[in-house]
Amino acid sequence: CKQCISYDFEGLCYEKCPTLTYAVHEVQKCFRCHEYCTGGCSGELPQDCDACYYFRYNNSCVLECPSGMYAEKTINKTELVCSTCSPLCLNECFGPGPSNCKSCRDGAFLHEGACIESCPLDHFPDIPQQSCKPCHPICKRKIDSITCLGPNSSQCVECGALKQISTSGNIVGCISSCPSGFFLQIALIIALNVIHCVPSVMELS
């Protein structure tokens, strides 16, 4: 046709514009939708798409979701939209919530598959690994404060059983029973039983 009665699209006449094109009625022409569109469009820009071929972000179609976001299906499952990751995640996640982080942000720790702001009281934060590690089992579990400062029995805040005292009088660590060469010392301090394993040489002195 030299001139189309209805619409021209790339040299061919159409009664209405083909799929993935939009009409400019003033010039009776059809133009291609943006490459990120699917299902049709109202203009040339990615925000003019009826639906997105890849992902929708801020009412515009994008090739991939920005950092700090993940893709999830809309209620009608016609397209994927970009949603924000948990603030405890570092940049990337698989889905909603702190249990879907690929890694934890600075100041957060991985515990039982989820990023958390602070470790449980019977765990201590392993800063280099950004994870929560359990206290030594000999430590006395606290319900209102931290149980330990690290993984060793010498890092318990309070012993669950006995404290071992060195010959110099320093606390070596928590133990379950007195080793050879030590004796059990029980002292009453403000009505609380304090039980230590003290070297025999200290008893003689």
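How many salt bridges does a search of the whole structure find? The answer is eight, and we'll visit some of them on this tour. Keep in mind as you click around that this is a predicted model.

**Stop 1: a hairpin**

Start by selecting residues 21-24, which are strand S3, and residues 29-32, which are strand S4. The two strands run antiparallel, and four bridges join them. Look for Val24 and you'll find Lys29 of S4 standing opposite. Together S3 and S4 make a hairpin, with four residues between the strands. Now pick Gln28 in the turn: its phi is positive, at about 55 degrees.

**Stop 2: the largest nonpolar core**

Next, select Tyr70, Cys85, Leu88, Cys89, Cys93, Cys101, Cys104, Ala108 and Cys115. These nine residues make up the largest nonpolar core. Zoom in on Cys93 and show what surrounds it. Leaving aside residues up to four places away in sequence, Cys93 touches Met69, Tyr70, Cys85, Asn100, Cys101 and Lys102.

**Stop 3**

Switch to a surface view and colour Leu121, Ile146, Leu149 and Val157. They make a nonpolar surface patch of about 340 Å². Val157 sits in the loop between strand S14 (131-134) and strand S15 (162-165). With a relative accessibility of 42%, Val157 counts as partly exposed.

**Stop 4**

Now show the side chains of Asp122 and Arg141, which meet in a salt bridge at 3.4 Å, N to O. This pair links distant parts of the chain, 19 residues apart: Asp122 is in the loop between strand S12 (114-116) and strand S13 (123-126), while Arg141 is in the loop between S14 and S15. Arg141 is exposed, because its relative accessible area of 60% is over 50%.

**Stop 5: a network around Glu158**

Which residues are linked with Glu158 in a network of salt bridges? Select Lys140 and Lys142 to see them. The side chains of Glu158 and Lys140 meet at 3.4 Å, N to O. Both lie in the loop between S14 and S15, so this pair ties together parts that are 18 residues apart in sequence. For the bridge from Glu158 to Lys142, the closest N and O atoms are 2.9 Å apart. Lys142 is in the loop between S14 and S15 as well, so here the parts tied together are 16 residues apart in sequence.

Glu158 is partly exposed at 29% relative accessibility, and Lys140 is partly exposed at 40%. Lys142 counts as buried, because its 19% is under the 20% cut-off.

Notes:
Residues are numbered from 1 along each chain as its sequence is written. This is a predicted model: local features need pLDDT of at least 70, side-chain atom pairs count only at pLDDT 80 or more; totals for chains, interfaces and linings use all residues. Side-chain values use heavy atoms; hydrogens and water are left out. Two strands pair if DSSP finds at least two bridges between them. A nonpolar core is a set of buried Ala, Val, Leu, Ile, Met, Phe, Trp, Tyr and Cys residues joined through side-chain atoms within 4.5 Å. Buried means under 20% relative accessible area, exposed over 50%, partly exposed in between (1.4 Å probe, protein chains only). Contact means heavy atoms within 4.5 Å. Patches are made of residues with over 30% relative accessible area and no salt bridge: like charges are joined within 9 Å, nonpolar side chains (Val, Leu, Ile, Met, Phe, Trp, Tyr) within 5 Å. Accessible areas come from the Shrake-Rupley method with a 1.4 Å probe; for residues, only the protein chains shown count as cover. A salt bridge is a side-chain nitrogen of Lys or Arg within 4 Å of a carboxyl oxygen of Asp or Glu.
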